[in-house]
Amino acid sequence: MSSKGTRIVSDSLGTMEIPEDVYYGAQTARAASCLDVYNITYTQYPSYVAAHGKIKKACALANKDIGALDPAKADAICIACDEVIAGKFAADFPLCVFRGAGTPLNMAANEVIANRANEILTGHKGQDQVHPNTHVNMCQSSNDVSPTAKMIVVYEELGRVLESLDIFEASLAAKAEEFKDVVKMGRTCLQDAIPVTLGQEFGGWLAMIRRNKARIIEERKRWNKSQLGATAIGTGMGCMPGFRDRIAARLSEVCGREIVTDDNLFDGLQSADALVLMHAHLQALGIGVGRIAHELKLMTSGPRAGFGEIVLPACQPGSSIMPGKVNPVIPDMMEQAQQKICANHAGIALAACTGEFELGPSSALLVRGFFDTVDLLAKGMKIFAERCIDGITVRPEGCGDVAASSTALSTMVSALFGYEVGTRIAHIAYDEGITCKEAALREKLLTQEQADDLFDLHTLTDCAKMEELYIKYKDVRSV
Amino acid sequence: MPSLEPSKRNKDDVVAFFTHLYCREIFMRIEKDALGTLELPDETYYGIQTLRSLGNFDITMRTFNDFPQVVRAIAEVKKACALANRDAAATGVGGLDADVSEAICTACDEIIAGKFEGQFPVNLSRGSGTSINMNLNEVIGNRANEILTGHKGMDKVHPNTHVNMSQSSNDIFPTAEHIVFYREIGALLDALPELIETTRAKQQEFSKVVRLGRTALQDAVPMTMGQMFSGYVAVFERCKARLEHIRPEFATGMLGATAIGTGMGLQPGFFDAVYPHLSNVTGIEMKPEENFFDGMQNVDTPIILSAILKTLAAGLGKMAQDFRLLSSGPRAGFRELVLPATQPGSSIMPGKINPFMPDLVLQVMQQVAANDWAATTSSMNGETDIAASGVMHFMGLVESLMILTAVIPQFSRKCLAGVKVNAEVCRDYAERSTSLATLIATLYGYEVGRQVATIAYEEGITCKEAALREKLVPEEDAEELFDLETLTDLRATEAMMLRLLKRKENRA
């Protein structure tokens, strides 16, 4: 409670006493007390609150344009909105994230902006000059404000993911180049397969990341549809003449990008498919990043009793009891992030199944899940790149010789001399603990030159060089 | 706000970060760990390893400062360990000096009392418990050192050597997890009786209110509103019993296992001493897990807990959905229930009141289901000797317990207790159902039943009116046949059928 005392505010359900120094009003206070089940509030989502400020500003400007709102009031509302956008009133949105979205959050924005605008005009908070519903909410309903606010933040927040993707992509690209000549064992089902370069593995991840980035860039462009003008259910009841024609232009101006009014406002108010699909793009990316994390953990397993192909940079001591242990904490974290993103998707899909008739689902899971996923990816990929991937070094003893020891190396021999010959080499190598090359030479199955050619690890990771082998040995090929 | 990104770890950045955080000038001290040295503000009780984790794992908006009950549980475990290590010193081959043990216990007591609020900034995203365990070791170590010497530091009490003696993050964290689960389940169990009693009171209040049952949202046959509520009571009671049943499974600890279950690093005498101390400190009768390797590898018990919470959330969510549907209106809906108003429902439509509390419950239900998914997938995260060491799934479960415990009294008091029934509307629906012809078909043949239903449907009259007008049912039977109260009672319906069948035989 404020030391400055309290003031009495009222709404259609009665009067309430709230601290003097807060800018919110009766409805926010009522919602904050009724719906308080967890210690996460919209104060912790400043960009979502700011999106409401942008909408209210655009509406005030449009209402001023059409002569529906007194210019002095419109100007005061715009100043108040700018302050909301700048985060000045973050603490005035104490609504629990569960069920705080929609009407409670829209009314909190209306109340904060109205009290501040009233203060600008009169020197005191109150509704005598600027009323939260009549003026600030003019031509709007929570039902068109809420999806429009989501449109604004989704676009902005995807920008954060893309920034981080650039960093992540650059790190993978640098490592793909750096490791292009490091031959190591390729594995399928965790069993030895045939050689691959570490650069090729990083290159595969890089291609996946680039594809996901391109998809997100494409998907982001779709988030430019405003529902303003729909009011409560899409029919526009309560909208002043001319508002619908002005609002998209004004909103574009405030947001600094082109925003259009949605083609079908009934659809826009009801449907959550766009959010589900957008999150699916983030989930696909999150799963991909998690896969990289999982594989790095396997590659770095050891240092003595594991795959031991690479060394990750140490971030912190890994154990409170085992001195000197260093754990792959960042890949570990990204695996967790992967699973949390999938759980967020489950929540979003479940929420999207609700809602009926003219109004779509409530926002809690959609907003919470989306912001959480964005944080996990935007912050996570940057940390993953800078604190882990950039510092990866190769453990040569875990790569080249291990790859040379694969009993699957006779794959190329069987392609040229038949599966029987290849199998014999593999068996001898396996049983006697020698390499395929040694086995082939000892049993005189290949000449020295043939063996040098066919078991050259660099050749065996290069499609073009292997084709050359086919050409070179086309006359001796016996299959 | 200055950031503490990993790339910015020089002294100036750290000073800027903390000056901003504390809004005053700060003085720095130097600390060392296995990876090198770093400076940190002298007033923080946490140390270099916690500082390293800042920024490293900062990918969610939640830190352990937001979950004081978890910090408290770890401090309780540390206290029990300090006492057991002191006892172990009696064997004469190790253990902890009495004064060091006492200082550690005092520091733990202070944490338990909430004195070090804000000293646990480790992000929840961190995959295993090492970061938060080290955070506690450092705060306790610095405070205990201060108690003994007047200054923070490691000269008398070392975070690993002394505070973490006989422990590993791998046994500390699961033990604390269990304590938290045990208590949070207790809090939920404390909240459930109010929900059950309020629902039962409504069941009794509405026991004589006849309404029309629906299947697939189409008119079916009569029942009482009380009967509908009795279904809610049953599911809540069943979930309560399930929670009571699983709760003791969390009165087990992993202390003594250390890193992987073999107990390497234990002080002789520690294991026998620690569980009685842990039980004393927590007030919960704690026992060691029967098989530490099992305890290290498997997360089936939390998965079952998660499933029970999901079941409870689904039961609550079903009730909330029903409330939303049955209170639809006030003019153009089902109108059977009237929910109390909690706040104005619309920014544009004056006088509109929305079912806010059921909406809130539904969203809690969705979150619990999403957290359940996280608990399930995290079980894929473990390899060989350490299971899903995911703090995130654990915190998801804690969150589910917390939001269910919070939403139940809110919903009980602000919605359920004030639910009113629109008895006339309910009765009217029941009387006008064309499905009342069901019994006519049973007694007088399907063809007669179909005729009655068709006439009633087409002319907008009741089945009773149709049956009497067309003289399809004897007048003496009709009164009994269409008695709504009888039709909601299995035994009364049986008796009525017997009477009518007898009469039919007599007439024949």
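Colleague: How are α8(B) and α11(B) oriented to each other, roughly parallel or roughly antiparallel?

Modeller: This is a predicted model, and the axes of α8 (residues 225-246) and α11 (residues 300-326) of chain B come within 10 Å in it. They cross at roughly 165°, and angles over 145 degrees count as roughly antiparallel. α8(B) and α11(B) are therefore roughly antiparallel.

Colleague: What is the handedness of the crossing of α6(A) and α7(A), left or right?

Modeller: Helix α6 (residues 142-178) and helix α7 (residues 198-221) of chain A pack with their axes 9 Å apart, at an angle of about 160°. α6(A) and α7(A) are therefore roughly antiparallel. Their crossing is left-handed.

Colleague: How many charged residues are in the contact of α6(A) with α7(A)?

Modeller: Among the residues making this contact are Asp166(A) and Glu169(A) of α6(A), and Arg210(A) and Lys213(A) of α7(A). By class, the contact has 14 nonpolar and three polar residues. The number of charged residues is six.

Colleague: How much area do chain A and chain B bury between them?

Modeller: The contact takes 73 residues from chain A and 76 residues from chain B. Of the area buried between the chains, 57% is on carbon and sulfur atoms. The total is about 5900 Å².

Colleague: Which residue of chain A forms a salt bridge with Arg324(B)?

Modeller: Two salt bridges are counted between chain A and chain B. In the one that involves Arg324(B), the closest N and O atoms are 3.0 Å apart. The partner in chain A is Glu356(A).

Colleague: In which loop of chain A is Pro303(A) found?

Modeller: Most peptide bonds are trans. The bond joining Gly302(A) and Pro303(A) is cis, with omega about 10°. Pro303(A) is in the loop between α10 (273-299) and β7 (310-311).

Colleague: Is the peptide bond from Gly329(B) to Pro330(B) cis or trans?

Modeller: Pro330(B) is found in the loop of chain B between α11 and β7 (337-338). Omega of the bond from Gly329(B) to Pro330(B) is near 10°. The bond is cis.

Colleague: What is phi of Phe357(A)?

Modeller: Phe357(A) lies in the chain A loop between α11 (329-352) and α12 (364-388). Most residues other than glycine have a negative phi. Phe357(A) is not glycine, and its phi is positive, near 50°.

Terms used. Residues are numbered from 1 along each chain as its sequence is written. Chains are lettered from A and ligands numbered from 1 in the order in which they are written. This is a predicted model: local features need pLDDT of at least 70, side-chain atom pairs count only at pLDDT 80 or more; totals for chains, interfaces and linings use all residues. Side-chain values use heavy atoms; hydrogens and water are left out. Axes are lines fitted to C-alpha atoms, for helices over the stretch in contact, and angles run from 0 to 180 degrees between N-to-C directions. Helices (H or I, at least four residues) and strands (E, at least two) are DSSP runs, numbered from the N terminus. Angles under 35 degrees count as roughly parallel, over 145 as roughly antiparallel, 65 to 115 as roughly perpendicular and the rest as oblique. Contact means heavy atoms within 4.5 Å. Buried area is the accessible area (1.4 Å probe) that two parts lose on being put together, summed over both. A salt bridge is a side-chain nitrogen of Lys or Arg within 4 Å of a carboxyl oxygen of Asp or Glu. A crossing is left-handed if the near helix is turned anticlockwise from the far one by less than a right angle, and right-handed if clockwise. Ala, Val, Leu, Ile, Met, Phe, Trp, Tyr, Cys and Pro count as nonpolar, Asp, Glu, Lys and Arg as charged, and the others, Gly among them, as polar.
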